[in-house]
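Please keep the coordinates open while reading.

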Amino acid sequence: MPHRTFLAFIWPSLLAMILFIAIPIISVAYQSLYIEHEQILVTSENCGPFGCTSSVSVDRAAMARLAEEQPAGRYNGLGTYTNASHLATDEIAAIVASSENFNEIRNRIMNLPFYKALIFTLAYTFIVTPLVIVLGFIIAVVVNSIPQMLKGPVIFFSLLPMLVTPLVGSLVLFWMIDSRGIIGAGLQALFGDPTLSLKASPMLTWVTLFVYGIWHSAPFAFVVFYAGLQTVPTDTLESAMVDGASRWERIRFVVMPYLLPLASFIALMQLMDNFRIFEPIIGFSAAASATSLSYLIYSDLRAGNSPLFGSAAATSMLTVIGVIILLLPVLHRNWREFNRKV
C-alpha cells in the first residue's frame, strides 16, 4: 500500500489514540509528580459573656490563591511513588532490617496497602484469565456439536452473563450469597450450619470474586472461539476422521492449533480487563477482604473533602506499567509469530 494511502486510512485512528489515550496518560504522569497543598490554617478568637475561645479553621481565600498559582499542587517528584501508600521503599527497608525470617518479611510487606492490592489483583488476573479461556473453549465446542435447532436458545442463555453490567451482576450474586439468599441459605442447609457465611472469610470472599469473574467473562471467550470454530477447515477434520482420529484427538491436534491465535487474543483482552478489576469489589462490599489497584485509585479520589489526585495518579501509572509488563509476553509471542510467517 502506498504511504499516502496508508496515512489516509490510519490518521483518524491515530488522532483518536493521541487525544484519548496518549494525552490523558501524559497528563496523569504529570499529575503524579505533584501532591496536594498543605492547608493554611488560621486561628480566630471568639469572645462572649463567658470568656474567649480559640478555633482553628482553613483559610479558604489563601488556599484559593495558592491553587490558582499552582493548580497542580506542590511538586513532589517521585516521592509519591515511594511513599507508604505505594512502593513503600523506606517501610520495606525497615521491615527487612527488623524481621527475623522470610515469612515475617513477606507477611508484613503483604499488609502494606499497595502490595495487598497488588497481590489480589495478580491472583485475580492469573486465576480468572486461564479459566475463562478453558471454560469458553469447552462451551464453544459443546454448543458447536449440538443440533442446529437448539443452538439459538443455548447461545442466547450462554451470553446472558456478558449482557449484565459488572456492577449489577456482582450485586445480584452478592444478594444470592447472603444468608437470606438462595445460595447462602442453600449452603447453610446443606452443611447444617446456620452461621455459615461466604462473606465472613477473606478467602471465601476471594473465591466468590474469582467465580463471579469467570462467570461474567466466559461468554466473551465463548463467542470468539465459537466464531473461530465455524472457520475450521472441514476437509482437515474429515481427513482426521478417515484416519481413525477420535473426537478428542481431532480437537487436540486440529482444532486447538487452529484456534491458538484466538486464544492469544482472548488472553490479551482478559489480562487487560482483569488487571483493572473494580466493580465486583464495590458490588460485593469486599474492600475489607479484597482490594485492587483500581479500588485504591477510587479510594484516593473519594478521600474526604480533599481528593488525593497525586496519589491516584501515581497508582494509575503503576497500574499502566503493570498492564504493560503483563502484556509483554503475549505481544512478544505474537511478534515472533508474525516474523515467522513473513
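In what follows, buried denotes a relative accessible area under 20%, exposed one over 50%, and partly exposed the range in between, computed with a 1.4 Å probe on protein chains only. The model is predicted, so local features need pLDDT of at least 70 and side-chain atom pairs count only at pLDDT 80 or more, while totals for chains, interfaces and linings use all residues. Residues are numbered from 1 along each chain as its sequence is written, and side-chain values use heavy atoms, with hydrogens and water left out.

The interior may be considered first. A nonpolar core is here a set of buried Ala, Val, Leu, Ile, Met, Phe, Trp, Tyr and Cys residues joined through side-chain atoms within 4.5 Å. The largest such core has 40 residues, of which Phe 120, Phe 137, Phe 210, Phe 225, Leu 229, Leu 259 and Phe 284 touch the most other members. Helices α6, α8 (166-176), α10 (202-229) and α12 (247-275) each supply at least two residues of this core; helices are DSSP runs of H or I with at least four residues, numbered from the N terminus. The largest share, eleven residues, comes from α10. Apart from this core lies another, of 22 residues, among them Ile 95, Tyr 115, Leu 271 and Leu 296.

Phe 225 shows what the packing involves. Contact means heavy atoms within 4.5 Å. Leaving aside residues up to four places away in sequence, Phe 225 touches Ile 133, Gly 136, Phe 137, Ala 140, Leu 259, Leu 262, Ala 263 and Ile 266. Gly 136 belongs to helix α6 (residues 113-145) and is buried at 0% relative accessibility.

The side chain of Thr 319 reaches the backbone oxygen of Thr 315 at 2.8 Å. Beyond residues up to four places away in sequence, Thr 319 touches Phe 275, Leu 293 and Ile 297.

Aromatic rings form another theme. Rings of Phe, Tyr and Trp (its six-membered ring) pair if their centres lie within 6.5 Å; planes under 30 degrees apart count as stacked, over 60 as edge-to-face and the rest as tilted. The structure holds 17 aromatic pairs. Tyr 30 and Tyr 34 form a tilted one, 5.0 Å centre to centre with 50° between the planes. Tyr 30 is partly exposed at 45%, whereas Tyr 34 is buried at 15%. The rings of Trp 206 and Phe 210 have centres 6.3 Å apart and planes at 70°, so this pair is edge-to-face. Both residues, Trp 206 and Phe 210, are buried and lie four residues apart in helix α10, about one turn of the helix. Together with Phe 120 and Tyr 124, Trp 206 and Phe 210 form one aromatic cluster.

Charged side chains complete the tour. How many salt bridges does a search of the whole structure find? The search finds two, a salt bridge being a side-chain nitrogen of Lys or Arg within 4 Å of a carboxyl oxygen of Asp or Glu. One joins Arg 108 to Glu 104 at 3.8 Å, N to O. Arg 108 and Glu 104 lie four residues apart in helix α5 (residues 102-110); Arg 108 is partly exposed at 33%, and Glu 104 is partly exposed at 28%. Arg 276 forms a salt bridge with Asp 273, with the closest N and O atoms 2.6 Å apart.

Note on methods
Polar contact = N/O pair within 3.5 Å; in protein donor to acceptor, adjacent residues only side chain to side chain.
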